[in-house]
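Colleague: Before we discuss particular residues, I would like to go through this model with you, with each criterion spelled out as it comes up.

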Amino acid sequence: MNISSLGKRFRENIQTYIIIILLIVIWGVFAVVTEGNYLSSQNISNLFRQMAVTSFLAAGMVLVMVIGGIDLSVGKLAGFVSVVVAVFQRDIWVKIIPDQPILAAGLSVIVGLLTGLAFGSFQAYIIAYLRVPSFITTLGGQFILNGGILLVTQGKTIAANQPGFSAIGQAYLPTNTGWIIAAGVVALLFVLMFRDRRTKVKYGFTLKPIYQDILKVAFFAVLVLLYVYVVNKFKGIQVPVLILAMTVIVVSYISTNTRFGRYAYALGGNREAARLSGINIKKQTFLVFVLMGLLCGLGGVVLASYVGYGTISAGGGYELDAIASCVLGGTSTLGGSGTIFGAVVGALIMASLNTGLQMMNVSPALQYVLRGLVLVLAVIIDVYFKKSN
Amino acid sequence: MDENIILDFQHVTKSFPGVVALDDVSFQVRRGEIHGLCGENGAGKSTLMKILSGVYPYGDYEGKVIYDGRELVLKASSIKQASEEGIAIVYQELTLVPGMTVGENIFLGREPTEMGSITWDRIYSETQKILDEYKLDIQPQDIVRNLGVGKMQMTEIAKALSENARVLILDEPTSALSEAEVTRLMEILGTLKQHGVTCIYITHKLEELFRITDRVTVLRDGKVVTTQDTKDLNSEKLIQHMVGREMKERFPQGNRKPGEVIFEVDDLWAKDPDKGREVLKGVTFNLREGEILGIAGLMGSGRTELVMTIFGEYGKVTRGTVKLNGRELDISSSHQAMEAGISLVPEDRKRHGLVLIQSILKNISLPNLDRFASFLRVDQHAELVESLKIAKELAVKAPNMFVPVESLSGGNQQKVVISKWLMSGPKVLIMDDPTRGIDVGAKYEIYKLMNELTEHGISIIMISSDLQEVLGMSDRVMVMCQGRSRGTLEITEATQERIMMLATGMACEQ
């Protein structure tokens, strides 16, 4: 048995390639229609920021869907977190720690994360240990959170645009810092590559030719540098995008390189086999939904900071965007498969459609119709390719 | 054409890749009789029934089936056709919709309507008529879920009768029934006979054959051994017909020298966790180091329930002890069982053994990730090295470790399942029907592997439905019947006849 075969790898990852091609096609079409404006550094910059909040939710949703569940409460949970954080920003920190905007912002982040974690754990317990289907639990959760949002806001808009806090969702990194980060990432990619090769040698595997590995790493390096170059031409890397990137890397690492992640995929692939393999199904389910709650907390904090206020409509419909992103990104609705990376690209496609259609002054009604069509079309293409395989 | 013959099988042959399931089968079923059909597991009974129900449509098999004077031609993808012809099958696994009423189930798929709206009154009045006619103690409005297994079966029968079934096939109808329910079923079959309905009664419970059938056909290895009047048979003769064949060179020579007793199960009782029914009613046996202990028993004898209970994943133990190396075990999950040194290769590899969409690598390492993982990280290199090593030892044939297991053959899938459970280094390996559904060559490899494992001091408990396999591979054989251990035979004193005697309960009632 040899260790790898490229053709096979390609076929396994066909879904990833399809959505990347889809993304390029969409960008190409918009670039032509808008006479290049679509690819301006300002627009690309906005695009990535727009996808941020949905992407936090989509990253968690992948694992939820992988274990065969669904979470309909994520949008409202992020919204609830955003209004809670707004209340703390406007009413509470100013009384306890006036004139300390940075500390206040830090505490707001913690409050936001804890709020998401708490509600996530509450739902997770009901789903995992009381065995209520996740669809129903989180549908109920959505109602509860809606009430919670009304209760917290009293129906009014709460300003969350204090300096310090606003930086989380709105600030740009200085261009120099941007380049330093980019250089760091590229260096890290190469270090990891060489370390991986060394370990492979240690375990006695035959190595792929080094140019293959270098090409692969170089490809990602170019993407990173290109992104930094483009956004630096506008105002620099946005803080929320940086937070998103770090989150995606961490969650993606968890999903593929830890027992927790591996058990999630096994559980979704075959619950009974997983159980007989000694996996604690309840605990695993519980933890996946807890992680989802935590990511909703993060999404909610970024949301509050980005829009600058908490409102009763905060986060409405985000759960559908998150689910659509996962599905676009190849997550199976039956459980067992899906990648975080795919879901983020899915979220990018949804955001790309949004901004593109807005730039073309397409009516909102038609925008919804087109987004729906692209979602279904992408899945049709995918089903077709899987069959012909 | 004899007017008395309703079904006439003429030289029916059905083969699958590697197996001939039915080999030139010819026999006749008379109008209005209760015709018993028996044979070991895998003798071809189910295949025959699948031909009658159209699962294997006309043209999918060789030979002819003459039904009521003309050839039976069932088209592919027409499930309803058999029942329209008047042939109805009551399956082992019940096929009712649990949440619906008896009436709804009986008329499912052919609800009477008036201008597009269902006429519920008619459904329930006609259901009542059928139930009354055959004196079935069920109400049309009962929800099926709330009925006992026995009544569910009666509902199935009522459903068949409502479709004007002339031939009713019952596939192991009593496997889940209590004694009283069996008696009730026998009465109903008697009534059906008076109404002129022909019955084919599939079972391997000999006592029932003698109690109810007029004639019996015995199948063995896909061939008809005999068709005889039941009154001319006795249980010894019948068992001989069912098993009587010579042993071929199917089993590799092992070089086993079993050592001291290391594993003991003493008077184990356990309850079904969902239904609360006792499934194990006193099981006692022991296992020596480096030994293969065969567990024989018919379907429903509690074999699988026994090993799943030992593995901590099934019954709730109500009495008895399980000891490994003299130390009493208290196992309530597969995780604990593995830590104690007990592994189990499950019966249904696709449902319980494998995550089909995942790679060989991930399947093998799944129960063993603790060996490679810290809290933060799974060492994927070590994982690959170890998994590759064991997959090589077991000669899993695949292009590489990353192909999904669903693309492998049955034999190779089984090797992956065994690899997965061997990596943890068990002292006791339980194998539940380890060669089910795999071809002869792969079976041989699995047998060789079992011999090697025992030479390395691993003790194996092997459940098997194939008596030859039990006799060919075991050092001793423990026979189960109705949740009890009926005794352990040394291989030198074990014969197919003796095992069947114990397993069918012919010997144990005395």
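Modeller: Let me begin with a criterion: a charge sits over a ring if NZ of Lys or CZ of Arg is within 6 Å of the ring centre and within 35 degrees of the ring normal. This is a predicted model, in which local features need pLDDT of at least 70 and side-chain atom pairs count only at pLDDT 80 or more, while totals for chains, interfaces and linings use all residues. Residues are numbered from 1 along each chain as its sequence is written, chains are lettered from A and ligands numbered from 1 in the order in which they are written, and side-chain values use heavy atoms, with hydrogens and water left out.

Colleague: Over the face of which residue does B:Lys14 lie?

Modeller: By that criterion, B:Arg319 lies over the face of B:Trp269, at 4.5 Å from the ring centre. For B:Lys14 the distance from the ring centre is 4.6 Å, and the ring is that of B:Tyr56.

Colleague: How many aromatic pairs does the structure hold over all chains?

Modeller: Rings of Phe, Tyr and Trp (its six-membered ring) pair if their centres lie within 6.5 Å, and planes under 30 degrees apart count as stacked, over 60 as edge-to-face and the rest as tilted. Over all chains, the number of aromatic pairs is 13.

Colleague: How many residues apart are B:Phe9 and B:Phe27?

Modeller: These two rings form a stacked pair, at 4.7 Å centre to centre with 25° between the planes. Helices (H or I, at least four residues) and strands (E, at least two) are DSSP runs, numbered from the N terminus. The pair links distant parts of the chain, since B:Phe9 belongs to strand β1 (residues 5-16) of chain B and B:Phe27 to strand β2 (residues 19-30) of chain B, and the separation is 18 residues.

Colleague: Is B:Phe9 buried or exposed?

Modeller: Buried means under 20% relative accessible area, exposed over 50% and partly exposed in between, with a 1.4 Å probe and protein chains only. By these cut-offs B:Phe27 is buried, and B:Phe9 is likewise buried.

Colleague: Which helix of chain B holds B:Trp421?

Modeller: B:Phe311 and B:Trp421 form an edge-to-face pair, with 5.7 Å centre to centre and 85° between the planes. B:Phe311 is buried, and so is B:Trp421. The partners are 110 residues apart, B:Phe311 being in the loop between α9 (303-310) and β16 (316-324) of chain B, whereas B:Trp421 is in helix α15 (residues 410-422).

Colleague: What radius of gyration does chain A have?

Modeller: Chain A has 16 helices and 2 strands. The radius of gyration is taken over C-alpha atoms, and the globule rule is 2.2 Å times the number of residues to the power 0.38. For 389 residues that rule gives 21 Å, and chain A is as compact as a globular protein of that length, its radius of gyration being 21 Å.

Colleague: What distance separates the centres of domain 1 of chain A and domain 2 of chain A?

Modeller: The bounds, which come from an automatic or database domain assignment, are 6-171 + 238-388 for domain 1 and 172-237 for domain 2. With contact meaning heavy atoms within 4.5 Å, 13 residues of domain 1 of chain A are in contact with 11 residues of domain 2 of chain A. Taken over C-alpha atoms, the centres are separated by 25 Å.

Colleague: What percentage of the residues of chain B count as buried?

Modeller: Chain B has 18 helices and 22 strands. Its radius of gyration of 25 Å agrees with the value near 24 Å that a compact globule of 510 residues would have. Of those 510 residues, the share that counts as buried is 56%.

Colleague: What relative accessible area does A:Arg197 have?

Modeller: A:Arg197 is in helix α8 (residues 175-202) of chain A. Not counting residues up to four places away in sequence, A:Arg197 touches A:Leu207, A:Lys208, A:Pro209, A:Ile210 and A:Asp213. A:Arg197 is buried, with a relative accessible area of 11%.

Colleague: How far apart in space are A:Gly169 and A:Ala52, C-alpha to C-alpha?

Modeller: A:Gly169 is in helix α7 (residues 165-170) of chain A and is buried, with a relative accessible area of 0%. Leaving aside neighbours within four places in sequence, its contacts include A:Arg49, A:Pro240 and A:Tyr306. A:Gly169 and A:Ala52 are 117 residues apart in sequence, and their distance in space is 9.3 Å.
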